[in-house]
Amino acid sequence: MDLRRLRYFVAVAEARSVGKAAERLRMAQPPLSVQIRKLEAEVGAPLFRRGTRGMDLTEAGQALLARAGEALAMAADGVEAARAVASGRRGRLSVGYMFVLANAMLPRLIPELRRSIPGVDLDFAELSASTREARLLDRSVTVALCMPAINHPEIQVARIGAQPFMLVMPTASPLARLSSVPMARLQGRPLIALPHPDHGPASSAVVALLRRHQVVMPIASRVETVHSAMSLVLAGEGFAILPACAQLGAPRGIVFRPLRDASDSIDIAVCWRRDAHSPLIRTFLKCAEKVVARL
């Protein structure tokens, strides 16, 4: 049913006059009469009859009026909802994040998002090195907070900050007594490594760091997540070289120390599909940039 024609019907029913309704609608009376007749033809029954006080509704007209207001209100709500989603005031934003950034970012980022987009439903999903790319590509998350950035032709990346690498070791290690650890002291020590360089820039950055300082650390284990690396360090299986922000979620029994004469860092990035055009992504990016600036 034509909603414009339905609005004309409601106007005539409320005014009880085609002439008065036409004035309210700011249109000529003949076209309004034509629209009412077309509506009656569509319904298949007269909607008005002439009464002593003007246009009275027939029983069919009364039945239609009882629902017409609700239908017009729902249509208006639908238009407003569409506008709100298009402008980023309403909708749903699914946020993926990597564990290494959880403790550093989420306690500040989530309140910032709630303040910036209070009408938007938020949900969060933890990602790993092996799942983050797939979750973005299959649209199960809208935007992802990553370390390091994803390198994929279908994924857009905004680098918003960086974290320095630090050495992670058991508190009982002799190196834990140092305020910073010379790179040469890592020679020959077992390394708990993140994914293989072919599968992750984080590991590539660590490999480049060690190569530049001519340090060889035999791989004791390869793990997919930072918390797995810290668990193996705690178990005494080796050392790890991780972003500084990981220490916020570190278990007791391990310590983080800066690497002396090494200023290498790893990017913090916001990633999303290149073909995603939600205005919520830009809002998320601004909030994330604000939080990273305070780290």
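Predicted model: local features only at pLDDT ≥ 70, side-chain atom pairs only at ≥ 80, totals over all residues.
Let's start with a general point: most residues other than glycine have a negative phi, and most peptide bonds are trans. With that in mind, take a look at Met147 and Pro148, which are joined by a cis peptide bond with omega near 0°. You can find Pro148 in the loop that links strand 5 (143–146) to strand 6 (155–170).

Where do they sit? Gln214 belongs to the loop between helix 7 (201–212) and strand 9 (219–222), while Asp261 is placed in the loop between strand 11 (254–260) and strand 12 (265–273). Exposed means over 50% relative accessible area. Gln214 has 71% relative accessibility, so it counts as exposed. Asp261 is exposed too, because its relative accessible area is 69%.

**A pair of helices**

Two packed helices are described by the angle between their axes and the distance between the axes. For helix 1 (residues 3–15) and helix 3 (residues 29–43), the axes come within 9 Å and cross at roughly 110°. An angle of 65 to 115 degrees counts as roughly perpendicular, and helix 1 and helix 3 are therefore roughly perpendicular to each other. On the helix 1 side, the contact is made by Arg4, Arg5, Tyr8, Phe9 and Val12; helix 3 brings Leu32, Gln35, Ile36, Lys38, Leu39 and Glu42. Sorted by type, the residues of this contact are six nonpolar, four charged and one polar.

Technical notes:
Residues numbered from 1 in each chain as written. Heavy atoms only, no water. Helix = DSSP H or I, 4+ residues; strand = E, 2+ residues; numbered from the N terminus. Buried < 20%, exposed > 50% of the residue type's maximum accessible area, 1.4 Å probe, protein only. Axes fitted to C-alpha atoms, helices over the stretch in contact; angles between N-to-C directions. Parallel < 35°, antiparallel > 145°, perpendicular 65-115°, else oblique. Contact = heavy atoms within 4.5 Å. Nonpolar A, V, L, I, M, F, W, Y, C, P; charged D, E, K, R; others polar.
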